[in-house]
Amino acid sequence: MSKLFERLSRHRSIAFASVKPQVIGRITRMIGLTIEAVGIKCAVGECCSIVLSPEQHIEAEVVGFSGDRIYLMPLYPIEGLQAGTPVIARADTGMVPVGMNLLGRVLNGVGKPIDGKGPLRPEAETGLAGEIINPLLRAPINQTLDVGIRTINSLLTVGRGQRMGLFAGSGVGKSVLLGMMTRFTEAEIIVVGLIGERGREVKEFIEHSLGEEGLKRSVVVASPADDSPLMRLRASQLSTRIAEYFRDQGKNVLLLMDSLTRYAQAQREIALAVGEPPATKGYPPSVFAKIPKLVERAGNAQEGGGAITAFYTVLTEGDDQQDPVADSARAILDGHVVLARRLAEQGHYPAIDVEASISRAMPQIIEPDHLKMAMRFKQLYSKYRQNEDLINVGAYVKGSDPDTDFVIENLPSMNAFLRQDIGEPVPLQLSMQQMVMILSTPPPQPAAAQGQVHRPVTNGLQK
């Protein structure tokens with residue numbers, strides 16, 4: 001009897017370890033981007049497979065529910081869908097590849113390679129949602145990060161772990177500026193998220209802006225404008241998750257996301273599709289809740305750990321700095337670099353408006369002398385801008401203001417300092433030295449006669 005009991009016990013353990021029955025739901029309706037399904041229970045954020053045929057399964061994510069109905073949104077374009085199509089819940093929800101083997105690769109929003117270099121060999125897989133760090137345990141921003149851009153290094157110094165916004169309209173050189181940073185920065189690892197950009201710009205950025213050397217220490221996550229909004233949202237989260245992995249390994253990471261506005265627009269499309277009411281300029285409230293959650297994941301780890309220094313580009317429609325996404329990003333970020341269209345139209349690149357830009361962490365990470373010189377440079381440049389109309393019409397009287405006289409004499413040097421060639425890296429120390437040389441120029445001699453006026457100045461050159 002005892003032997004029979006032992007045999008039954010062994011068979012019982014095998015029987016209970018067998019595969020559980022698979023629950024299959026069905027599609028009942030599709031409106032716009034949203035698919036309704038019944039018959040399965042899934043939480044928001046979990047993944048399902050829409051079975052179009054035995055060979056074709058389309059991945060979709062649960063974005064909402066109402067009663068016993070769940071709302072799905074596909075990651076890929078879907079055709080041939082009809083009522084009653086089977087839907088199966090997936091067990092591998094939201095797992096993405098991470099590891100040093102990702103360096104030099106180009107991925108899509110779900111972590112699959114699109115560069116034709118073969119399959120990935122990741123060190124591990126992890127969920128999209130990273131671990132939240134207690135703000136009281138984060139290391140403070142107390143070290144500078146050299147990004148190789150003279151204007152930023154000297155006048156808008158960035159610290160390791162800082163989150164900066166790059167505010168610009170279309171066509172003023174923000175992608176070129178990001179490409180320069182990827183090649184010139186001292187960061188060990190670079191993660192680039194190209195979110196919602198034109199498809200042709202992805203290859204151009206990788207081959208021309210990033211270059212072969214830059215790609216070797218970079219991971220690029222690309223989701224062009226023709227991808228589904230869910231794929232664009234996933235790509236933003238994946239870029240951040242990969243950067244978090246390298247930070248947890250103690251690396252100094254530079255995260256470049258182009259753009260935060262496309263991330264907000266993807267979330268807007270999803271929220272409106274599931275019935276969330278619009279609020280500010282058509283953006284639902286969930287958009288302004290998602291932006292801080294994404295941005296706050298960057299920054300320093302705990303003491304002794306790595307850091308994620310992040311640059312998020314923000315598109316300002318019609319160069320409107322009060323756009324709701326721009327206003328929300330400005331409030332949550334640690335500073336902003338504004339690119340001005342008027343400078344780009346003058347051939348002034350990078351078109352950084354030093355008057356409208358600021359780095360909030362700069363006073364804590366640089367020497368007092370550096371801060372004093374940077375403030376002096378910005379004050380002088382602002383003084384010229386205030387008197388520019390008078391100077392250009394020849395109405396400014398020389399000797400009226402020593403600072404204005406100084407800028408008029410040294411404007412060509414100051415403009416040359418603010419410009420930089422695409423292939424010219426300028427380290428932090430050299431940026432400081434060049435700024436000191438300009439500000440150390442002897443002041444101009446006073447006018448010999450009272451009432452002497454300055455002739456107009458065009459493009460920084462005196463006629």
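## Helix 11 and helix 12

In helix 11, Arg376, Phe377, Leu380, Tyr381, Lys383, Tyr384, Asn387 and Ile391 meet Asp403, Thr404, Phe406, Val407, Ile408, Leu411, Met414, Asn415, Phe417 and Leu418 of helix 12; contact means heavy atoms within 4.5 Å. By class, this contact has 12 nonpolar, 3 polar and 3 charged residues. Ala, Val, Leu, Ile, Met, Phe, Trp, Tyr, Cys and Pro count as nonpolar, Asp, Glu, Lys and Arg as charged, and the others, Gly among them, as polar.

Axes are lines fitted to C-alpha atoms, for helices over the stretch in contact, and angles run from 0 to 180 degrees between N-to-C directions. Helix 11 passes helix 12 in a left-handed crossing; a crossing is left-handed if the near helix is turned anticlockwise from the far one by less than a right angle, and right-handed if clockwise.

## Basis of the description

This is a predicted model, in which local features need pLDDT of at least 70 and side-chain atom pairs count only at pLDDT 80 or more, while totals for chains, interfaces and linings use all residues. Residues are numbered from 1 along each chain as its sequence is written, and side-chain values use heavy atoms, with hydrogens and water left out.

## The chain as a whole

The protein chain has 13 helices and 19 strands. Helices (H or I, at least four residues) and strands (E, at least two) are DSSP runs, numbered from the N terminus. Of the 463 residues in the chain, 51% are buried; buried means under 20% relative accessible area, exposed over 50%, and partly exposed in between (1.4 Å probe, protein chains only).

Among contacts between residues at least 6 apart in sequence, 72% join residues at least 24 apart. The chain exposes about 22200 Å², of which carbon and sulfur atoms supply 53%. Accessible areas come from the Shrake-Rupley method with a 1.4 Å probe; for residues, only the protein chains shown count as cover.

## Further helix pairs

The axes of helix 12 and helix 13 (residues 428-439) come within 10 Å and cross at roughly 165°. That makes helix 12 roughly antiparallel to helix 13, and the crossing is right-handed. Phe406, Ser413, Met414 and Phe417 of helix 12 meet Ser431, Gln434, Met435, Ile438 and Leu439 of helix 13. This contact has 6 nonpolar, 3 polar and no charged residues.

Helix 3 (residues 174-184) and helix 4 (residues 199-216) pack at about 55°, with axes 8 Å apart, which makes helix 3 oblique to helix 4. Ser175, Leu178, Gly179, Thr182 and Arg183 of helix 3 make the contact with Phe205, His208, Ser209 and Leu210 of helix 4. These residues divide into 3 nonpolar, 5 polar and 1 charged.

## Two buried residues

Leu260 lies in helix 6 (residues 260-273) and is buried, with a relative accessible area of 0%. Leaving aside neighbours within four places in sequence, Leu260 is in contact with Ile291, Leu294, Val295, Tyr312, Thr313, Val314 and Ala329.

Asp334 is found in the loop between helix 8 (324-332) and strand 16 (335-338). Asp334 is buried, with a relative accessible area of 17%. Not counting residues up to four places away in sequence, Asp334 touches Ile141, Gly161, Gln162, Arg163, Met164, Ser359, Arg360 and Ala361.

Terms used. Parallel < 35°, antiparallel > 145°, perpendicular 65-115°, else oblique.
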